[in-house]
Amino acid sequence: MEGHIVATVTAEDNTVTSYGDFLSALSAAQGSVGSTLKLLDDVTYSSDTDAIAIASKLTLDLNGCTLQLNGTHGFIYLNASAADLTIQDGKTEGGGKISSSSDYAILADEGKLTITGGIYETTVGAACTLQVEGDNASVYISGGEFRQNNNYNALYVSDGSVMIS
């Protein structure tokens, strides 16, 4: 593949494919259940109409990079029972971050979310970094840093379950 590579996707059979844009990498990762999408550079996703919907099992490795989410729908959305997202920061020095200018960086409505590392933040008022609102949402947090740049919640749970260790 020619051009700038922003991410790789590693399938369960360890086949690695490189991508020049985030959405193509995300689509490939969701189409290959159990794969890992690894950021190689900072990327930006902007949308006022469609969130990043997760509907399958995959791992997002921030790898020390920033995923900047902009627009009213600039957030990660777990909205299916098959959603099983693990977010990690595989870079030894850390620094991987998900930053959102939306009402939240991650909205868990259904499925499973596991966070083992990374920095999570929202940059607008009246917003929370991680919102868990569905009966069928399960969130497991064993690492990471949640930042809030206003007087709202870094973590808001109205339904579902959250385990922090």
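Q: Which residues are in contact with L60, leaving aside its neighbours within four places in sequence?
A: This is a predicted model, in which local features need pLDDT of at least 70 and side-chain atom pairs count only at pLDDT 80 or more, while totals for chains, interfaces and linings use all residues. Residues are numbered from 1 along each chain as its sequence is written, and side-chain values use heavy atoms, with hydrogens and water left out. Contact means heavy atoms within 4.5 Å. With those neighbours set aside, the contacts of L60 are L37, L39, L67, I76, L85, T86, I87, Q88 and I98.

Q: How many residues are in the largest nonpolar core?
A: A nonpolar core is a set of buried Ala, Val, Leu, Ile, Met, Phe, Trp, Tyr and Cys residues joined through side-chain atoms within 4.5 Å. Buried means under 20% relative accessible area, exposed over 50%, and partly exposed in between (1.4 Å probe, protein chains only). In the largest core, the residues with the most contacts inside it are L37, L39, L60, I76, I98 and I106. Its residue count is 37.

Q: How many residues are in the second, separate core?
A: This core includes F75, Y104, L107 and C128. Its residue count is 5.

Q: How many of the residues of strand β6 are buried?
A: Helices (H or I, at least four residues) and strands (E, at least two) are DSSP runs, numbered from the N terminus. Strand β6 covers residues 57-61 and is mostly covered. The buried count is 4 of 5.

Q: In β8, which residue is the bridge partner of D61?
A: Two strands pair if DSSP finds at least two bridges between them. On one side, 4 bridges join β3 (residues 35-39) to β6 in parallel, with S35 opposite L58. β6 is also joined in parallel to β8 (residues 76-88), by 5 bridges. There the partner of D61 is Q88.

Q: Is T8 buried or exposed?
A: T8 is found in strand β1 (residues 7-10). Beyond four places in sequence, its contacts are V16, T17, S18, T36, L37, K38 and L40. Because its relative accessible area is 11%, T8 counts as buried.

Q: Which are the edge strands of the open sheet of 5 strands?
A: The sheet has parallel pairing in the order β4-β7-β9-β11-β13. An edge strand pairs on one side only. The edge strands are β4 (43-46) and β13 (145-148).

Q: Which residue in β7 stands opposite Y45?
A: β4 and β7 (residues 66-70) run parallel, joined by 4 bridges. Opposite Y45 stands L69.

Q: Within what arc do the buried residues of α1 fall?
A: The buried residues of α1 are F22, A25, L26 and A29. Seen down the helix axis, they line one face because their arc is limited; the arc is that of the directions from the axis to the C-beta atoms. On the other side of α1, S27 and G31 are exposed. The buried residues fall within an arc of 100°.

Q: With the side chain of which residue does the D21 side chain make a polar contact?
A: D21 lies in the loop between β2 (16-19) and α1 (22-31), and is partly exposed, with a relative accessible area of 36%. At the start of α1, a side-chain oxygen of D21 reaches to within 3.4 Å of the backbone nitrogen of L23. A polar contact is a pair of N or O atoms within 3.5 Å; within protein, one must be able to donate a hydrogen and the other to accept it, and residues adjacent in sequence count only if both atoms are side-chain atoms. At 2.9 Å, the side-chain partner of D21 is S24.
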